[in-house]
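Take a walk through this model with the sequence at hand.

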Amino acid sequence: MMPKEKPLWKGFAFRLCLLSAAVFLCLQLGLRRSCAPAEKAGAAAAGALPARGTEQRLGPARSNRKDKVEAHLAPGAGRPEAATASRRRVTYLRSSRRRSSEPACCPLQTLGSSRRKTIRWHVDLQPWASPTPSLNYEALRFLKYITTPQISCEHMNMNSLTDNSKTIKKPWSICLDDRFSLVHRIKSKQCRLYSLGLSSDDNQFEISMANSGCEVHRFDPSIKSAHIQEGQHLWNHRLSIDWRDPNPAIAAHKLRSHTKKLGTILNEFGHQKIDVLKADMESAEWKILENLILEDIVEQIGQLVFEVHIHWPGFEVSGNDSTVVRYWYSLLKELELKDFRLFHTYKDLLKPQMFLKKEAFNASSCYTLSWVNTRWK
């Protein structure tokens, strides 16, 4: 008869395995408990010593939270190299926070400050006046626009403000209604006029404004001296206003004339505002007006009095006839978007009656247009 086999759990080998497992678990638990105080002590010591002089400023709770976030976001988190990389990134953030208290190269924008304006390189062209480009439709739209006042102005005569009895040759009309600030600034002797011209001997308007107490600056490249002061309020400058600054690679003595952008001159003179800008630039007015719009200089101007010439496209204005007229119209619409309103127009019948070298549309080659900035204060 065969002897009865013992159960497996009563065997020596099985008991030896259980004993080994128990010893292994005890060793593991003992190691973890002994390492935990050491880790806490090390962390406390690390918290007491600021990392590169910045840990105390961040605070231990905040820095631990950043460490956890960085370790969680870091690829391969859990590996020693990933943990090292995350700690390096946190240290970089801490060092940048330390430097944030130092003055930076550029002042930060506050909540109420104006944002940096976007640089524009060209004006937005208006849609064509007809389904297909047509000079006839473009010309009729443009001429109607420049001969139709958009706002009424009752007082435009400078003689009411001065004792000067001389008549002005050209109707350089400015709006002197009480609802606009110009009349009040003239009476308080706080107004400023910029006059842009090219070899013009008609300066009666500037003299009249200076006699009324306005600070008048007349820019003309034909003036003999660089700067001449006439009386108390009138200055003449041998400068020509252009739509671009001179090439810095060309020596100043090699330039045929001293030309600068209006924005550059405003910065050099330290002037923030111009109450009246008068321009008689002999066909350079279109590109100058474009520059004033693109650089937002028009927002610093209260009233515009421009003589525009339409017997040819103008300096550096290219394209066929319909494209040119569309460009002119788009410039004037840009002024309207800037809250400028046309209050007076003068058709010069003494000039040739030409429109883009054609005797057409009953148009004069020269118009004097006056706008007022309705937001000006």
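Which residues do ring pairs link into a cluster? The members are F142, W286, W328, F355 and F361. Keep in mind that the model is predicted. Searching the whole structure gives nine aromatic pairs.

Start with F142 and W286. Their rings form a tilted pair, 6.3 Å centre to centre, with 55° between the planes. The two residues come from distant parts of the chain, 144 residues apart. F142 sits in helix α5, which covers residues 135-146. W286 sits in helix α9, residues 285-294.

Now turn to F355 and F361. The ring centres are 5.4 Å apart and the planes meet at 75°. The cut-off for edge-to-face is over 60 degrees, and because the angle is 75°, this pair is edge-to-face. The surroundings of the two rings can be read from their accessible areas. F355 is buried, at a relative accessible area of 1%. F361 is partly exposed, at 27%. Both belong to the cluster that also holds F142, W286 and W328.

Next come the charges. Which lysine lies over the face of W376? That residue is K273, at 5.3 Å from the ring centre.

Sulfur is the next stop. How many disulfides does the count come to? The count is two. One of them joins C153 to C175, with an S to S distance of 2.1 Å. The torsion about this S-S bond is about 110°, so the disulfide is right-handed. C153 and C175 lie 22 residues apart, and each is in the loop between α5 and α6, where α6 spans 182-187. Both C153 and C175 are buried.

The other bond joins C191 to C214, with S to S 1.5 Å. What is the handedness of the disulfide between C191 and C214? The torsion is about -115°, so this disulfide is left-handed. The bond links distant parts of the chain, 23 residues apart. C191 lies in the loop between α6 and β1, the strand at 192-197. C214 lies in the loop between α7 (204-211) and β2 (215-219). Again, C191 is buried and so is C214.

The pairing then reads 1-2, 3-4. One further cysteine deserves a look: C366, with a relative accessible area of 1%, is buried.

Finish with confidence. The protein chain has an average pLDDT of 77. A score of at least 70 is reached by 65% of the residues. Where does pLDDT stay under 50? The stretch is residues 35-115. For that stretch the model has 36 contacts beyond four places in sequence.

Notes:
Residues are numbered from 1 along each chain as its sequence is written. This is a predicted model: local features need pLDDT of at least 70, side-chain atom pairs count only at pLDDT 80 or more; totals for chains, interfaces and linings use all residues. Side-chain values use heavy atoms; hydrogens and water are left out. Rings of Phe, Tyr and Trp (its six-membered ring) pair if their centres lie within 6.5 Å; planes under 30 degrees apart count as stacked, over 60 as edge-to-face and the rest as tilted. Helices (H or I, at least four residues) and strands (E, at least two) are DSSP runs, numbered from the N terminus. Buried means under 20% relative accessible area, exposed over 50%, partly exposed in between (1.4 Å probe, protein chains only). A charge sits over a ring if NZ of Lys or CZ of Arg is within 6 Å of the ring centre and within 35 degrees of the ring normal. A disulfide is a pair of cysteine sulfur atoms within 2.5 Å. pLDDT is the predictor's confidence in each residue, from 0 to 100. Contact means heavy atoms within 4.5 Å.
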